[in-house]
Amino acid sequence: MAKADRLARLDAHRAEMENDYRDTLIAALRTTAAGKWGLFDHRRDKVARAAAAPTVARLTEMGEAIDAAREQLGLPPFDLHAEFLASRGPVGPEAVGEPNQARAWLDRLTLA
C-alpha cells in the first residue's frame, strides 16, 4: 500500500506541476502576444533573448521536473513542454511573428 500511496501522491503532484506549467506558459504567451519578442527566440536579438531567458529557464526547469515525474509513473513525456521547445529557434522569413504565434497558442490553450 505504501508504494501505491506514494505513486498516487506523485501523480497528484505531477498534475499540479502541469497546471502550474500551463499557467506560466499562458502568462508568457500573453506578454508575447502583446508585442514583447523573445519567448520563441525567432530573432537573434540579445536584448529580447535576455528578457525572456528567466521565463524560458523556469519553463524548462518545470518541464524537466514534470518529465521526471512522468517517467517514474510510466507516462510519456509532457507534450506541451516538448511542443514549446520545438517551436523555439530561428525561422524563415515566411514565418509568422512571435506575437501572432503567441496568439495562436493562446487560442489553442485557452479553448482546450
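**Overall fold**

I counted the secondary structure first: the protein chain holds four helices and zero strands. I note that the model is a predicted one. Read from the N terminus, the order of elements is α-α-α-α. I then looked up the extent of the C-alpha trace, which spans about 55 × 30 × 20 Å along its principal axes. Of the 112 residues, 34% count as buried. I also checked the contacts with a separation of 6 or more, and 74% of them join residues 24 or more positions apart.

**Helices α1 and α2**

I next examined helix α1 (residues 2–33) and helix α2 (residues 46–73), whose axes come within 9 Å and cross at roughly 155°. Because angles over 145 degrees count as roughly antiparallel, α1 is roughly antiparallel to α2. I recorded the crossing of α1 and α2 as left-handed. On the α1 side, the residues making the contact include L7, L10, R14 and Y21; on the α2 side, they include L59, M62, I66 and R70. Sorted by class, this contact of α1 with α2 has twelve nonpolar, four polar and five charged residues.

**Residue S87**

I finally turned to S87, which I located in helix α3 (residues 79–87). Is S87 buried or exposed? Its relative accessible area is 15%, so S87 is buried, the cut-off being under 20%. I found that the side chain of S87 reaches the backbone oxygen of F84 at 2.7 Å. Leaving aside neighbours within four places in sequence, I listed F40, H42, Q101 and W105 as the residues in contact with S87.

Conventions: Residues numbered from 1 in each chain as written. Predicted model: local features only at pLDDT ≥ 70, side-chain atom pairs only at ≥ 80, totals over all residues. Heavy atoms only, no water. Axes fitted to C-alpha atoms, helices over the stretch in contact; angles between N-to-C directions. Helix = DSSP H or I, 4+ residues; strand = E, 2+ residues; numbered from the N terminus. Parallel < 35°, antiparallel > 145°, perpendicular 65-115°, else oblique. Left-handed = near helix turned anticlockwise from the far one by under 90°. Contact = heavy atoms within 4.5 Å. Nonpolar A, V, L, I, M, F, W, Y, C, P; charged D, E, K, R; others polar. Buried < 20%, exposed > 50% of the residue type's maximum accessible area, 1.4 Å probe, protein only. Polar contact = N/O pair within 3.5 Å; in protein donor to acceptor, adjacent residues only side chain to side chain.
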